[in-house]
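Subject: Handover of a structure

Dear colleague,

Please find below the structure for your use.

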Amino acid sequence: MAEWNAFYQNEEADEEQEEGEESAVNYKVTGRDSLVFLVDASKEMFIKGEDGEPSNFDITMQCVRSVYTSKIISSHRDLVALVFYGTEKSKNPRNSFKHVYVYHDLDEPGAKRVQDVEALRGERGARLAADTMGSGEVSLGDALWCCSNLYSDIKLRLSHKRLMIFTCMDQPHGGDSTKDRQARTKAGDLKETGVVIDLMHLMKPGGFDVSLFFCDIVSPPEDESELGLQVEPCGKLDDLQKRVQAKQQKKRAMARVNLCLGEGMNVAVGVYANAVTARKPSAIRLYRETNEPVHSKTRTFHTQTGSLLLPSETRKAQVYGNRQIVMEKDEVDTIKKFYDPEIFLIGFKPMEKLKLHHHIRPSVLLYPEEQQVTGSSCVFAALLKKCTEKKVFAVCRYTPRRNYPPRFVALVPQREEVDESNVQVTPPGFNAIFLPFADDIRKLDTPQFPTASDVQVDKMKEIITKMRFKYRSDAFENPVIQQHYRNLEALALDMLAPESIEDFIMPKVEQIDRRLGPLVDEFKELVYPASYNPDSKPAAKRKTADAGGGDEKKPKVEIPEAELRAHIKNGTLGKLTVPVLKEACKQFGIRTTGTKKQELMDALIAQMAK
């Protein structure tokens, strides 16, 4: 019979899950994601840019490689394919379509596929592509039909199907109305089967006009958070990678709950993680003979008979007052339950009431779920608008899941922000900031230091002003994790040495010195004495003359037996310090293996009771 609190889910583990470790049961659709890269292989894609800039084909291959590697790290079970159209040679299932070359079927990404894409980069890759596929007639309708067959041949359950077209030709068929009509018809068939078609158009002389053909091919945005068709083409690798990342990363809700605004007024919202802590993947144990993953199973046996116990035959217990209280599973579930999963509105407060120290853990984002409750988007948008205008935040009680203790959160309104490329930087919604309880706020006895003068404070303000910069979370990578994945990549791709990384956490000393100039020396003159040298070692501590220069030992603190029994009788034994309790245990010949205060107290109480 196990302690019942051992079965109680740890709150810290729940916090990690809320930070982004999503559970598959919360997904609206279960299954694997799939992504097909449909790349134009016509001669125009291989033309280099001005000043020796890489060609559109080279930029596309670099983007495909980055997606392959990111999929291996983040979601290795997703399916990815690479298909070229406008080729001279043909390679596809049953060779039914001309000028379509299936380079990679829909399958999980791996090291071999990354090497294949890496071989297509640069001038050598362009020559390899010309020898392997060549450039020929373009028929986008046949290419879309071939991609449709790739999806139909997959027997696995797919949750999201996406197809990305990379091209620099706004009229791929040169004005051929028959081929244009066939491509539009096949694109419509793909959309009806749930395939989302996106266009990643690249730079071309004279500009790329999406209204000529591709505006009828691509799929409309699924919701307001989706990035729609962009008018401006991508001229650089960074812009292309941003658009691909914004499209291929499916936003999944950690939980879907009701935002209760009053009696009978519920708005369905999804809870999304704003930031997820990056961690190294856990080690996988392998069987040394077959090199297959080892799966562990836990079984419970009776201590006396040795028989196997079923889950229905086990009980949970809690020791309270030297008595073991046995509880059924239903009773434990009832004890752990507070409220049904929901966000219950309590009231509103001005924004100035929310302090910086109230932010105790990463926040989550609330976004309406129109499919769950009709009208949620309208009510949610109105609430967001009014909270922004009145500069208030909502105080709510948040219960994310059943059998989970409630938390108080502050719903802070957040408006949508986009960058120059019309890519969403900040999504609209409410940031749910977890508020501390009264027990979480403690008063600390801070040491007293000399108060700085006004001149010293003003000089430090100048230094801080010079050191300010606009912080972006994506500008700083974890060097330990980056080096870890570089090493794995080098092993998987048979590289001689891993790629070098740049540690962005280390301060740029030269740039800091140029910015500050003489301010540092001026501040030192105001604060430190003239003889102060920060590089000098601190002076060694002077040893005492007693006991051959050694430190003077503290005298042993012994406590009389009568006084010890009085403490036990009055229940004030906990007021004694740990060293005093240790000396008392030695005094009465009590052997203790632990060093915790409660263990020492229990040992003394048991000895005095004899």
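Two strands are taken to pair if DSSP finds at least two bridges between them. Helices (H or I, at least four residues) and strands (E, at least two) are DSSP runs, numbered from the N terminus. On that basis, strand 11 (residues 316-319) and strand 12 (residues 324-327) run antiparallel and are joined by 4 bridges. Val319 stands opposite Gln324 in strand 12. The two strands form a hairpin with 4 residues between them, and Gly321 in the turn has a positive phi of about 65°.

The model is predicted: local features need pLDDT of at least 70 and side-chain atom pairs count only at pLDDT 80 or more, whereas totals for chains, interfaces and linings use all residues. Residues are numbered from 1 along each chain as its sequence is written, and side-chain values use heavy atoms, with hydrogens and water left out.

The protein has 16 helices and 19 strands. Of its 610 residues, 35% count as buried (under 20% relative accessible area, with a 1.4 Å probe and protein chains only).

An open sheet of 5 strands shows mixed pairing in the order 4-3-2-5-6. Its edge strands, strand 4 (100-107) and strand 6 (195-201), each pair on one side only. Neighbouring strands of this sheet are turned by 15° against each other on average, direction ignored; axes are lines fitted to C-alpha atoms, for helices over the stretch in contact, and angles run from 0 to 180 degrees between N-to-C directions. Helix 2 (residues 56-74) packs on the sheet and touches strand 2 (32-40), strand 3 (79-85), strand 4 and strand 5, contact meaning heavy atoms within 4.5 Å. The direction of helix 2 makes about 165° with that of strand 2. Strand 5 (residues 158-167) and strand 6 run parallel, joined by 7 bridges, and Arg162 stands opposite Val196 in strand 6.

A nonpolar core is a set of buried Ala, Val, Leu, Ile, Met, Phe, Trp, Tyr and Cys residues joined through side-chain atoms within 4.5 Å. The largest has 33 residues, of which Leu38, Leu140, Leu163 and Ile165 touch the most other members. Helix 5 (140-152) is among the elements that give two or more residues to this core, and its 7 residues form the largest share. Beyond its neighbours within four places in sequence, Leu140 is in contact with Leu38, Tyr85, His173, Ala183, Phe213 and Phe214. A second, separate core of 29 residues includes Phe37, Met61, Cys168 and Met200.

Yours sincerely

Conventions: Buried < 20%, exposed > 50% of the residue type's maximum accessible area, 1.4 Å probe, protein only.
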